[in-house]
Amino acid sequence: MAPKPPKSSSSKGKSQGDEKEDVLQAVVIADTFETKFAPFTLERPRCLLPLANAPIVEYTLDFLAQSGVQEIFFSAGSHTDQVEKYIDESKWRLNTSPFKKFTFLKSAATSVGDVMRDLDQKGLVNGDFLAVSGDVISNFTIAEALAKHKARRQKDKNAIMTMLLREIGPRQRSRQRSIIPTFVMDPTKDRCLHYEESRPGQGSGLAFDPNLLSQAELEIRQDLVDCRIDICTPEMLSLWSDNFDNQSPRKDFLHGVLKDYELNGKTIHTHIVSDYFASRVGDLGAYATLSREITSRWTFPACPDVDAKYKLSRQGVYREDGVTLARSCRVKPCSIIGRGASIGDRSVVQDSVIGRHCQIGRNVHIRHAYIWDHAVVEDDVKILRAIIGDEAVIGKGCSIGEGALISFGVRLDQGRHIASGCRITKARSSNNGSTSSDKALVGEAGKGYCYVEEEDDEIKPVGLVYQREEFAASNSSFSSTDSQDSEVHSGHGGLRSESFATTGSDDDGTDRFHHEAVHSLFERMKIGTHQDDVRVELMGLRFAQNATEDQVRRSVVNALMKYISGQGEAENFEISVVVKQSIARYGNLIQRDQSQEATTAGVSFLLEAQKDLLHRKGGEQILLHLAKELYDQDIFDEEVFSDWWTDERSESTEELRGIKEFSRQFLDWLAAADEEGESASETEDEEVDEED
Amino acid sequence: MAPDSGSRTPGLTSFLRSLSSEPDETCIEQFIALLRRRQIRHSRPCAVATAYLLRRVVAQAKAEPGKLVEAARLLQRVQEVGRRLVAAQPRELVVGNVVRRVLGLIREEQDNERGEGDISGLSSEVGIESGLQTPQIPSLGKGDPLSSLNGTTRATADMQALHTSQSSAGVDTRRTTQPASRPSLQPSHTTFAGAPPVTSMFSLLSHPTMSSPRSSPAPASPSGTATPHPTGSNDIRQEVIEGIGEIIDELEQSDEQIASYALEHIHANEVILTYSSSTTVQRFLLKAASKRKFTVIHAESYPNNQRKVHALVTGNTNSDHSDALTTEAFHKTLTSAGITVILIPDSAIFALMSRVNKVILSTHAILSNGALVATSGTKLVAKAAKAHHVPVVVLSGTYKLSPKYPYDPDMYIEYGDVSKVFPYQDGELVESVQVENPILEFVGPECVDMYVTNLGGHAPSYLYRIVRDQYRDEDVDI
Amino acid sequence: MMADITPPTSHATEAFDIVSKYHSLLSADADLTPPIAAIESLIALLTASPVTTISETLDLLSHSSATLRSSVPNWIALSAGTDLFQRYLVQTLNRPGALGSGGDFGYLRQHLLSNGRLFVQRAKKARAKIADEGRLFIHEGSTILTNGGSRVVSALLLRAAESQPSGPRFRVIYVLPLSSSSKTLGKAEGEGQPTITLLRSHSVPVACIPYSALATALPLIDLVVVGAEGVVENGGIISRLGTHQIGLLARSAGKPMYVAAESYKFVRLYPLGMSDLPVRQNIIKFEPVDEDKEEEEEEEVRAVMDGKEKTDGAENDETDADAMAKRRQQGKEITSLEDAVDFTPPNLISALITENGVLTPSAVSEELIKLWF
C-alpha cells in the first residue's frame with residue numbers, strides 16, 4: 001500500500017495540470033441525519049464521538065489529507081457549534097495544516113440532499129470533488145480511482161460520479177447490517193446500472209428496467225459495503241438541485257438518477273476496493289467492529305500508534321504514556337488504554353478501549369466495552385459489550401448488560417444492574433422533556449433516565465451487540481419472502497405479503513412505489529403490453545418495494561383511469577368503448593384474487609376509482625361505464641356494487657356523492673335487472689348511450 | 001502548493017517540491033504528517049527528506065537584527081525541530097541520525113567561532129568527510145601529535161577534534177586491515193592514531209574549566225554572547241548548509257561507494273543469497289556482476305515485499321522503488337547483467353542455505369551495538385546462515401547507523417497492515433483470530449559477521465567507532 | 001567489601017599512614033567505592049606531605065599506591081583509582097596550560113587538594129547517571145536477575161522502582177552469594193539485603209535464590225544486570241565470585257547480560273582467564289583428607305594475621321611490563337569466599353552501562369588506551 005509512484009503521479013500532474021483540477025476539494029457531510037447513535041448524539045455530534053480514543057472525524061480528515069485533498073467544505077449539521085469549536089482548535093486549522101481552505105457550510109440542512117443543493121447554489125466547488133460522510137475510515141489511496149474517474153470524464157461528460165465500494169466476505173456479510181444495498185452493474189464499464197436498498201428480513205426483490213438484461217454482462221452484488229466515498233462532478237450537484245425532493249444520497253438520489261437514465265443519460269460508476277480498507281461508522285455495530293479492526297491494524301496506517309502517542313506492546317495492547325496499571329491487573333490483547341487512565345488491582349480488561357483519564361477500580365471486568373474519557377468505574381463492576389460515555393460514573397458492584405449505552409455524565413448508584421440493550425442518558429431528548437432521573441433505574445444517588453427511541457422510519461438501529469435470535473428471525477422472513485417471489489407469478493401471496501410489508505412500511509418508500517407503479521403501468525397500457533406481463537412486472541415492483549395490497553390497487557386504479565381518460569381524449573372514442581376495451585384488456589389486473597375478501601377488495605377498488613375520477617374530465621361517465629363493464633365482464637358481482645353504493649365512505653364528500661349519483665341509474669338498473677331480463681338491460685344501455 | 005495536483009497522493013516528491021515554496025514551519029508539519037501516515041517511509045527517503053528539510057530550516061533561521069545567526073541559536077532551533085521529527089516517527093531512526101549529523105556540523109562551526117584554528121577546522125572536515133570519503137587527510141594530519149599540539153589554547157572542542165580524528169584514523173586502518181571480531185586487536189590499530197590522550201575517564205578528576213564534552217551537555221552551553229563573533233563576516237549558516245549539502249551527496253553516493261567494495265566480497269561462481277528487495281544490494285550485485293559470474297538466490301520476503309522482489313527479478317520495475325529516488329538505475333536487472341537468479345519462497349531459505357556461500361542482506365537501520373532493525377524475516381535468514389556457517393554480510397550506508405542502543409528491541413518493530421497476511425474480504429478470522437504483520441524485525445549483532453558501509457567493511461563490535469566519528473556524543477539523545 | 005579486614009588503627013606511624021586512611025574512608029562512607037577511597041587517600045597524602053616538585057610527587061604517589069595495593073587482598077579495584085589519579089597528574093602536567101589561566105603544578109595541586117570532596121560527588125553523580133541509563137533496560141513485565149552487593153546495580157534497580165506506579169512493572173531475582181546454611185550467613189545477607197528491602201518497600205517483588213538455583217531461575221528472567229569491581233582492558237569484568245557462572249548460564253540461555261560500572265573502575269589489566277588475575281585466592285583447595293571445620297577456621301585467621309604483617313614495600317614500577325609480573329605476587333591471599341572474585345570474559349557481556357553511555361566491551365579498551373597512550 002505504498003503511495004503512488006512519484007514518477008507516474010508527477011506525469012499525471014503535468015498532463016492534467018492545465019485543467020483546473022490542481023486543487024482537490026472535498027465535501028464532508030458529518031451529520032448523516034440519522035439517530036443510530038442515540039442517545040449519545042443528543043449531546044454530541046456523531047463525528048466527535050471517540051473511536052479508539054480519537055474523534056471519528058479525525059480519521060476522515062486524515063484520510064482526506066492522505067489523499068491530497070486541499071480544500072474542505074464541512075457540513076456539520078446538528079451541533080455545528082461543537083464541531084466548529086473542535087475543528088478550530090484542532091491542527092487542521094493551523095496554517096501548517098494540509099488543508100489550504102476549511103469552510104463550514106452553514107445551512108439549515110435536514111438531509112444530505114439539502115447540503116448538496118446548498119453547495120450547488122453557493123457554487124463553491126470547481127472541478128471534481130470528493131463527497132464523503134463524516135465517519136469514513138480508510139487507508140485507500142484515492143489517486144487510482146481519481147485517475148480512472150478523470151479518464152472516464154474525458155471520454156464521456158455524463159459520467160458524473162464514481163462510488164467507492166468495498167468487497168466484504170460472507171462472514172461480514174452475514175453480520176447484522178441495518179441496510180443491505182444491492183448494486184446492479186456492468187462490470188465491463190464499472191458502471192452502476194441500478195441500485196436498491198433493503199433491510200434485513202425484508203423482500204430482496206429487484207425491479208429494474210428489463211432491457212438492462214440486454215447487457216452482455218451484468219453483476220448483481222450484495223457483498224459490497226458502501227463506504228460513502230464518492231468522486232463527484234459539479235454536474236452531479238446540479239442534478240441534486242433538479243430533483244429537489246431527494247433526501248438521501250443513495251436511496252433517493254442514486255436510485256433516481258439510475259432509474260431515469262433514459263431521461264438524463266447520466267452514468268454513475270463504481271470503483272470496487274478489495275485490497276484497501278474502507279468503512280464507515282454507520283451504526284453501533286460498525287462502531288464495535290471498527291474498534292476491533294483498528295486495534296488489530298486492519299486500518300493501518302490509521303492505528304493508534306502511528307503518531308507515536310501510543311506504544312504497542314508485544315501483547316497487542318496499546319498504551320499511552322502515563323497509564324497507571326496496578327500490578328495484579330491484567331490487560332488482554334486488542335485493548336487501548338488512554339493517557340492518565342488507571343486500572344486497579346485484579347481488574348481484567350479485554351478487547352476494550354479505555355479512554356483518557358478513566359479510573360477503573362479494583363476487580364473490574366471489562367470485555368468488548370468502550371469506555372470514553374474521564375469515565376469512572378468503581379470496584380467490582382462488570383461491563384460487557386457496552387459503551388460508557390464521558391464522565392459517566394458506574395457505581396460499585398454494578399453490572400452492565402450487553403449492548404447497554406450509558407451516555408455522558410450518567411451516574412449509576414451502587415449495585416445497579418442495567419439490562420442489556422438499555423440506553424441511559426441525562427440529556428433532555430425531544431420526545432420526553434423530563435430530565436428527572438429514573439431512580440428505579442439508576443438508584444438513589446444516580447443521575448439519568450432510560451432513553452426511548454422515537455418511532456422513526458428505522459426498523460431498529462443495529463445495536464452494539466449482534467443479536468443472533470433476531471438475525472435468525474430475519475433469516476426466516478428472508479426465506480418466506482423468497483417463497484413470495486416464487487409464487488408471485490401465480491398471482492397469490494399478495495395478502496400474505498401484507499403481513500410483513502407493514503413492518504417495514506415507510507411512507508416515502510410507498511409513494512415512490514405508487515409513482516413508479518402508475519408510471520410503468522400506464523406506459524405498458526399505452527404500448528398495449530399483454531396484461532399478464534404487466535402483472536408480472538407489477539408484482540416484481542411490488543415485492544421490491546413490498547408495497548401493500550391497497551397500494552397496488554390504488555396504483556392500478558390510477559393507472560387504469562389515467563389510461564382510459566387519456567384514451568378518451570386522444571382519439572375521441574366513445575367512453576363506453578374505451579372502457580370496454582381497457583377493462584377487457586386489463587381486467588385481470590383489477591380482479592387479482594379470488595379469495596373471500598374479493599368483495600371488500602372490489603369495494604375499495606371502486607372507492608379508489610371514484611376518488612381518482614373526481615379530478616378527471618368526464619369522470620362520472622367513466623365511473624358509470626367502469627361499473628357497468630366490471631359487472632358485464634363479471635369481474636365484480638352485484639354485492640360489490642351494492643356494498644359500494646351503501647358504503648358511507650363513497651359519499652363522505654360532496655364531490656364524491658356527486659360523481660356517485662351519476663351511476664345511480666346503473667345501480668337501479670342492476671336492481672331491476674334482477675327481475676327483468678336481458679331486454680331491460682339493453683334499453684338501459686341505449687339510454688345511457690343517448691345521454692353522452 | 002499549486003503543483004500538488006489532485007491526482008497525486010502526497011509523498012516524497014510532492015514534499016520536496018513544496019519545500020521550495022512553503023515556509024519552513026509548514027514544511028516541518030507536512031513532513032511530520034507524511035511520516036505519521038507512512039507516506040514517506042524507508043530509510044533513504046526519510047534521510048533525504050530530513051536533510052533537505054533541515055537545510056531549509058537552517059537557511060531560514062532567524063538572527064537578531066544586525067547580528068549574524070549564532071551557532072547556539074541555530075543549535076537550539078535544529079534540536080527543537082529534530083525532536084519533533086523524531087517524536088513523529090521514532091522507528092525511522094535515520095531521521096534522528098541526519099539531525100544528529102547536522103547538529104554535529106553546527107557544533108563544529110561553533111568551535112570555529114571560538115577561534116579554534118586549523119585543528120577543529122580539520123576535525124570538522126573529518127566530521128563530515130569521515131562519512132563521505134576515505135579519511136586519509138585527517139589521519140595524516142594527526143600523524144604526529146605535536147603538529148596538532150602546538151601551543152593552541154585547549155578546550156573541549158580541541159579534544160573532540162583530536163578524538164574524532166583519532167578514531168577516524170582507526171576507521172581508516174579498519175578499511176585496510178580485515179576487521180577481526182576479537183577486541184585483542186584493538187591496540188594494534190588504535191595506536192596508529194597516536195593522538196594525545198584525552199579520555200572521558202578523567203571526567204572524574206578534571207578541573208571544572210576543562211570539563212570534557214561528555215560531562216557537560218553542550219560545550220560552553222548556549223548564549224553565544226561569551227563567544228567572540230567570527231572576525232570574518234561569514235555567516236555560520238553558509239558552512240552548515242554546505243555541510244548538509246555534503247550529507248545529501250553522501251546519501252546519494254553511498255550506494256555506489258558500497259558497491260565499490262563488491263569485488264572484495266563476491267567471488268567467481270559463488271552462490272549468494274539475498275532477501276527482500278534493496279537497491280543497495282541490487283547495485284552491489286550488479287557491480288560484482290560486471291567482473292564475475294555468480295548465482296543469486298533471491299528470497300521473496302512475503303508478505304510485505306514480494307511484489308517488489310518479483311519486479312526486481314523480472315525487471316519490470318514499474319512499481320515504485322521505495323528505497324530510491326531515481327528509478328532509472330535499476331531497470332537493469334540481475335539477469336540482464338548475466339547473473340543466474342533463483343527466486344525462492346521464504347520457506348525454502350533454510351533448505352537452500354547449505355548451497356550458499358554468502359548471505360548479503362540490506363537493513364532498515366543499524367544500532368550502535370551492531371544490531372539490525374531489518375525487514376521481518378531477516379533473522380530467519382541470518383539464523384539459517386549461522387546454522388550452516390555461512391557468512392552474513394550486511395550492506396548499509398553509514399547514514400543508517402544510529403547511535404541509539406537497543407534498550408527495548410520491541411520499540412523498533414513496526415506492525416504493519418494485517419490485510420497483507422490475508423485479504424480482508426475473506427475475513428472469516430477477523431474476530432476469531434488476531435493477525436499480525438510485523439514489518440520490521442530486530443536482529444542481534446551476533447547474527448552478523450560483517451558490515452559493509454560506504455567506509456568499508458567492519459565487524460559488528462567496531463561500529464561504535466563509526467558512531468563516534470559520525471555523531472557528537474552530546475547529540476546522542478537529541 | 002573490604003570491610004572485613006579491620007583497619008589497623010596505628011596512627012602513630014612516622015609519616016602519613018595511607019593504608020589506615022584508606023580503610024577509615026571506606027568504613028566512614030558506605031557508598032564509597034575502593035577506587036574513590038584510594039584517590040581520596042592519595043589526595044590526603046598529598047595534603048599531608050610537603051613535597052613540591054613534580055618528580056617527588058609522582059614518586060610518592062606511585063610508592064604509596066603500591067603500599068596501598070599490597071595492604072589488601074584484592075587490589076584490583078583500588079588500583080583503578082590510584083592509576084587513574086597518577087595518569088591524570090602526568091597527563092595534565094604534560095600539557096602546559098591545560099588548566100587555562102595558572103597552569104603550573106602548584107595550580108594543579110591546588111585544584112586537586114581543594115576539590116577532594118568534589119570528586120566523591122562526581123563519583124556519586126556518575127552512579128546516578130548510570131542508574132538513569134540503565135533504567136531504560138527495564139521494561140514492562142521484565143524479570144531482572146542480579147547478584148552481589150554492587151551499589152550501582154542497586155541504584156539502578158531502585159531508580160526503576162521509584163518510577164512506579166506509572167513506570168514499568170518488573171521483578172527481581174537476587175542471587176545471594178551464599179546459601180543461608182553458610183557459616184558467614186549474616187554478611188552474605190548483609191550484602192544484598194538493603195537493596196532487597198528497599199525494592200520490596202517499592203512493591204517490587206524480589207526473589208532470593210542461591211547460586212545452586214540459577215539454572216532453575218534462568219527461564220524466567222529477561223536480562224542479567226551485575227556490578228563489577230573492575231573492568232579490564234578487553235572489556236571483561238572482575239566481580240563477585242559466581243558472576244562468571246551467571247554469565248555462562250545467561251549466554252547458554254540466550255539472555256543478555258549487562259554490567260553496570262563507573263568508568264573509573266576501568267583497570268589496566270589484560271587477563272585471559274582466572275589464572276591471570278593478580279589475586280591469590282585458594283577457592284579450590286585440594287586436600288588429602290577432609291579436615292574438620294575449626295582447623296580450617298583458625299588457619300584462615302592465621303592467614304589474615306600474617307597477611308597484615310608482611311607489607312613488602314614494592315619498589316615502584318617504571319615499566320608496566322614487569323609491574324604486572326610483580327603484582328602477581330603482591331597482595332595477600334583472599335581467604336573468605338565472599339571476598340573471592342572471578343573473571344567474566346567479554347564475550348559473555350552484552351554491554352557495559354557506564355556514565356558515558358552504553359559501551360560495547362571493546363569500547364572499554366579504547367578508553368583505557370586513551371588513558372595510557
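1. What is the strand order of the open sheet of 7 strands in chain C? The order is 3-2-1-4-7-11-12, and the pairing is mixed; two strands count as paired if DSSP finds at least two bridges between them. Strand 3 (206-210) and strand 12 (357-359) of chain C stand at the edges with a single partner strand each, so one side of each has no neighbour in the sheet. From one strand to the next, the twist averages 25°.

2. On the basis of the note: this is a predicted model, in which local features need pLDDT of at least 70 and side-chain atom pairs count only at pLDDT 80 or more, while totals for chains, interfaces and linings use all residues. Residues are numbered from 1 along each chain as its sequence is written, chains are lettered from A and ligands numbered from 1 in the order in which they are written, and side-chain values use heavy atoms, with hydrogens and water left out.

3. Within the chain C sheet, strand 2 (residues 171-176) pairs with strand 3 in the parallel sense over 5 bridges. C:Tyr174 has C:Cys208 of strand 3 as its bridge partner. Helices and strands here are DSSP runs numbered from the N terminus (helices H or I, at least four residues; strands E, at least two). Helix 6 (residues 116-135) of chain C lies across strand 7 (257-260), strand 11 (351-354) and strand 12, and runs at about 135° to strand 11. Axes are lines fitted to C-alpha atoms, for helices over the stretch in contact, and angles run from 0 to 180 degrees between N-to-C directions.

4. Chain B holds an open sheet of 3 strands in the order 5-6-8, with antiparallel pairing. Strand 5 (365-366) and strand 8 (440-443) of chain B are its edges; each has a single partner strand, so one side of each is left without a neighbour in the sheet. Strand 5 and strand 6 (residues 372-375) of chain B pair in the antiparallel sense over 2 bridges, and B:Ile366 has B:Leu372 of strand 6 as its bridge partner. Helix 16 (residues 378-387) of chain B lies across strand 6 and strand 8, at about 35° to strand 8.

5. Chain A has 24 helices and 35 strands. Of its 692 residues, 57% are buried, where buried means under 20% relative accessible area, exposed over 50% and partly exposed in between (1.4 Å probe, protein chains only). Among contacts (heavy atoms within 4.5 Å) in chain A between residues at least 6 apart in sequence, 59% join residues at least 24 apart.

6. Two helices may be compared with their expected span, which is 1.5 Å times one less than the number of residues. Helix 11 (residues 284-295) of chain A has 12 residues and reaches 17 Å from its first C-alpha to its last, close to the 16 Å expected. Because 12 of its 12 residues are buried, helix 11 of chain A is largely enclosed by the rest of the structure. Helix 4 (residues 76-94) of chain C has 19 residues and should span 27 Å; its end C-alpha atoms are 26 Å apart, which agrees. This helix 4 of chain C is mostly covered, with 16 of its 19 residues buried.

7. The structure holds 54 salt bridges over all chains, a salt bridge being a side-chain nitrogen of Lys or Arg within 4 Å of a carboxyl oxygen of Asp or Glu. One of them joins A:Arg153 and A:Asp128 at 3.9 Å, N to O. A:Arg153 lies in helix 6 (residues 143-155) of chain A and A:Asp128 in the loop between helix 5 (112-122) and strand 6 (129-133), so the pair ties together parts that are 25 residues apart in sequence. Both partners are buried: A:Arg153 has a relative accessible area of 9% and A:Asp128 one of 7%. In A:Arg221 and A:Asp223, the closest N and O atoms of the salt bridge are 2.9 Å apart, and both residues are buried.

8. B:Arg465 and C:Glu366 form a salt bridge whose closest N and O atoms are 3.0 Å apart. B:Arg465 lies in helix 17 (residues 463-470) of chain B and C:Glu366 in helix 13 (residues 361-372) of chain C, so the pair joins two chains. B:Arg465 is buried at 1% relative accessible area, and C:Glu366 is buried at 0%.

9. Helix 17 of chain B and helix 13 of chain C pack at an angle of about 60°, with their axes 9 Å apart. The two helices are therefore oblique to each other (angles under 35 degrees count as roughly parallel, over 145 as roughly antiparallel, 65 to 115 as roughly perpendicular and the rest as oblique).
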